[in-house]
Amino acid sequence: MIYLKYIRSGPLISTDTASPEPAATRAYRALEHMIVTLELAPASFVTEGALIERLGLGRTPVREAIQRLAWEGLLDIRPRAGIAIAPLHPGDWLRVLDARRGVEVVLARSAARFVTREAADMFHDAALAMQKAVISGNVLAFIQADKALDEALAHAADNPFAARLAAPLQTHSRRFWFRYKADTGLAESAEHHVALIRSILDGDEEAAAKDAKRLMALLRGHAETAATR
């Protein structure tokens, strides 16, 4: 068991029906997941109507989600031609990570300084889900757990500016990882993530910054390998 005392039981996603996520947020999460997991193939085209039918949500929330994903560079809205899914060029993974590294260190330091009980619970839930995904070899579950961990980091850091900058970079990076490393990278990635979680929950800013840099270095190594294929 790789997560030691930082694991507790509990659901990864809240089941509180009294405060459901807005439809636009649900549409965004669903579309983002389909893009990251290549269910919507890179460089392919889709129509707004097809996405509305696929998601089973209304036009307005789906359109809002599309606009948000377009701003993040995951979709390209082309009038009269449809919606293009962003292509995947291996060399771009390096560019994403170069942009991401600094903000991840900022978030890690801040999370270690300001982590609350609520944020700690989010880290525990994400880590538990990641552990289960590693044991079962479930890549899709690992991707969801990684997303939850990034959200815990954003919540703990109490820095919305850095979190908003990091979020699309994290999504792009997750997509590249799924394409080029998901078949062999679960356990190694989990070990680096849990080291970061430990440092944050210990309130150790310096260790958290170092662990964030190590995680980015691991991902950069994967990106360099992908770029030479």
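Modeller: A word on terms before we start: Ala, Val, Leu, Ile, Met, Phe, Trp, Tyr, Cys and Pro count as nonpolar, Asp, Glu, Lys and Arg as charged, and the others, Gly among them, as polar. Please also keep in mind that this is a predicted model.

Colleague: Thanks! Let me use those terms on the largest cavity. How do the residues of its lining divide into nonpolar, polar and charged?

Modeller: The general idea comes first: rolling a probe the size of a water molecule over the atoms shows where empty space is left. In this model the count comes to one cavity of 30 Å³ or more, and the largest cavity has a volume of about 130 Å³. Its lining divides into five nonpolar, four polar and four charged residues.

Colleague: Which residues lie nearest the centre of the largest cavity, and which helices supply at least two residues of its lining?

Modeller: Of the 13 lining residues, Asp-146, Arg-174, Trp-177, His-193 and Leu-219 lie nearest the centre. Helices α6 (139–157), α7, α8 and α9 each supply at least two residues of the lining.

Colleague: On to the rings, then. How many aromatic pairs does the structure hold?

Modeller: A pair of aromatic rings is described by the distance of the centres and the angle of the planes. The structure holds three aromatic pairs. One of them joins Trp-93 and Phe-176, whose ring centres are 5.9 Å apart with the planes at 10°, so this pair is stacked. Trp-93 sits in helix α4 (residues 90–114) and Phe-176 in helix α7 (residues 160–180), so the pair ties together parts 83 residues apart in sequence.

Colleague: And why is the pair of Trp-93 and Tyr-180 stacked?

Modeller: The planes of Trp-93 and Tyr-180 stand at 25°, with the ring centres 6.3 Å apart, and planes under 30 degrees apart count as stacked. This pair again links α4 to α7, so parts 87 residues apart in sequence are tied together. Trp-93, Phe-176 and Tyr-180 form one aromatic cluster.

Colleague: Are Trp-93 and Tyr-180 buried or exposed?

Modeller: The cut-off for buried is under 20% relative accessible area. Trp-93 is at 0%, so it counts as buried, and Tyr-180, at 10%, is buried too. Phe-176 is buried as well. Elsewhere, a charge meets a ring: the charged end of Arg-68 sits over the ring of Tyr-28, 3.5 Å from its centre.

Colleague: Last topic, the backbone. Where is Arg-80 placed, and what is its phi?

Modeller: Arg-80 is in the loop between β2 (75–78) and β3 (82–85). Its phi is near 70°, a positive value in a residue other than glycine. At 88% relative accessibility, Arg-80 counts as exposed. Asp-158 also has a positive phi, near 55°; you will find Asp-158 in the loop between α6 and α7, exposed with a relative accessible area of 58%.

Technical notes:
Residues are numbered from 1 along each chain as its sequence is written. This is a predicted model: local features need pLDDT of at least 70, side-chain atom pairs count only at pLDDT 80 or more; totals for chains, interfaces and linings use all residues. Side-chain values use heavy atoms; hydrogens and water are left out. Rings of Phe, Tyr and Trp (its six-membered ring) pair if their centres lie within 6.5 Å; planes under 30 degrees apart count as stacked, over 60 as edge-to-face and the rest as tilted. Helices (H or I, at least four residues) and strands (E, at least two) are DSSP runs, numbered from the N terminus. Buried means under 20% relative accessible area, exposed over 50%, partly exposed in between (1.4 Å probe, protein chains only). A charge sits over a ring if NZ of Lys or CZ of Arg is within 6 Å of the ring centre and within 35 degrees of the ring normal. On a 1 Å grid over the protein atoms alone, a cavity is a set of points where a 1.4 Å probe fits but cannot get out, and a pocket is an open set with protein on both sides within 12 Å along at least five of seven lines; lining residues have an atom within 4 Å of a point. Grid points are joined across faces, edges and corners, and a volume is the space filled by probe spheres set on the points.
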